[in-house]
Amino acid sequence: RNSTLSPSISSSDGQVHLTCEDGTRFSFPEADCVLLDIRHSSAEELAEYVGEKLRATLPILAERGVTVLEVGVAEAPNQEARFRIEL
């Protein structure tokens, strides 16, 4: 992760600690968190992450004749990102 663009994230004592660029700090129970290998939690990056994970873990899709995989993630009503990949 590029620390100049993303918050700093660490974990200790069952907590995930997040420090933002402006110094604001947050702490969450580790059991409530899933750390993803993405730079930001934008709808675009989440859609791509989920799409790539589905493609990698479900090779049977292509075997069954599926030719395109599309994932949509909505941030709010009428605000959505889509990731589309040909299998």
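**Close-up 1. The largest nonpolar core has eight residues.** This is a predicted model. The members of the core are Ala43, Ala47, Leu69, Val71, Val73, Ala81, Phe83 and Ile85. Leaving out residues up to four places away in sequence, Leu69 touches Gly51, Leu54, Arg55, Leu61, Phe83, Arg84, Ile85 and Leu87.

**Close-up 2. Helix α1 has a buried face.** The helix covers residues 43–57, 15 residues in total. At 1.5 Å a residue, α1 should span 21 Å, and its end C-alpha atoms are 21 Å apart, which agrees. Its buried residues are Ala43, Ala47 and Gly51. Seen down the helix axis, these buried residues fall within an arc of 65°, so they line one face of α1. An α-helix has 3.6 residues a turn, so residues three or four places apart point the same way.

**Close-up 3. Glu75 sits in strand β4.** Not counting residues up to four places away in sequence, Glu75 touches Ser42 and Ala43. Ala43 is one of the buried residues of α1. Arg25 is 50 residues from Glu75 along the chain. The C-alpha atoms of Glu75 and Arg25 are separated by 23 Å.

**Close-up 4. Asn78 has a positive phi in the loop between β4 and β5.** Phi of Asn78 is near 65°. The value is positive, yet the residue is not a glycine. Asn78 is exposed, with a relative accessible area of 83%.

**Close-up 5. Asp13 also has a positive phi without being a glycine.** Its phi is about 55°. Asp13 lies in the loop between β1 (8–12) and β2 (15–19). Its relative accessible area is 80%, and Asp13 counts as exposed, since the cut-off for that class is over 50%.

**Close-up 6. Ser10 is placed in strand β1.** Is Ser10 buried, exposed or partly exposed? Ser10 is partly exposed, with a relative accessible area of 41%. Setting aside residues up to four places away in sequence, Ser10 touches Gln15, Val16 and His17. Ala43 is 33 residues from Ser10 in sequence. In space, the two are 23 Å apart, C-alpha to C-alpha.

**Close-up 7. Phe26 and Phe28 form the one aromatic pair in the whole structure.** Their ring centres are 6.3 Å apart. Their planes meet at 15°, so the pair is stacked. The cut-off for stacking is under 30 degrees. Phe26 is partly exposed, at 40% relative accessibility. Phe28 is partly exposed as well, with a relative accessible area of 36%.

**Close-up 8. Cys20 and Cys33 are not joined by a disulfide.** How many disulfides does the structure hold? The number is zero. The cysteine sulfur closest to that of Cys20 belongs to Cys33 and is 13 Å away, too far for a bond. A disulfide needs the two sulfur atoms within 2.5 Å. For Cys33, the nearest cysteine sulfur is that of Cys20, again 13 Å away. Cys20 is partly exposed, at 23% relative accessibility. Cys33 is partly exposed too, at 24%.

**Close-up 9. Asp32 lies in the loop between β3 (25–29) and α1.** Asp32 counts as exposed, at 64% relative accessibility. Leu46 is 14 residues from Asp32 along the chain. The C-alpha atoms of Asp32 and Leu46 are separated by 18 Å.

Conventions
Residues are numbered from 1 along each chain as its sequence is written. This is a predicted model: local features need pLDDT of at least 70, side-chain atom pairs count only at pLDDT 80 or more; totals for chains, interfaces and linings use all residues. Side-chain values use heavy atoms; hydrogens and water are left out. Helices (H or I, at least four residues) and strands (E, at least two) are DSSP runs, numbered from the N terminus. The expected span of a helix is 1.5 Å times one less than its number of residues. Buried means under 20% relative accessible area, exposed over 50%, partly exposed in between (1.4 Å probe, protein chains only). The arc is that of the directions from the helix axis to the C-beta atoms. Contact means heavy atoms within 4.5 Å. Rings of Phe, Tyr and Trp (its six-membered ring) pair if their centres lie within 6.5 Å; planes under 30 degrees apart count as stacked, over 60 as edge-to-face and the rest as tilted. A nonpolar core is a set of buried Ala, Val, Leu, Ile, Met, Phe, Trp, Tyr and Cys residues joined through side-chain atoms within 4.5 Å.
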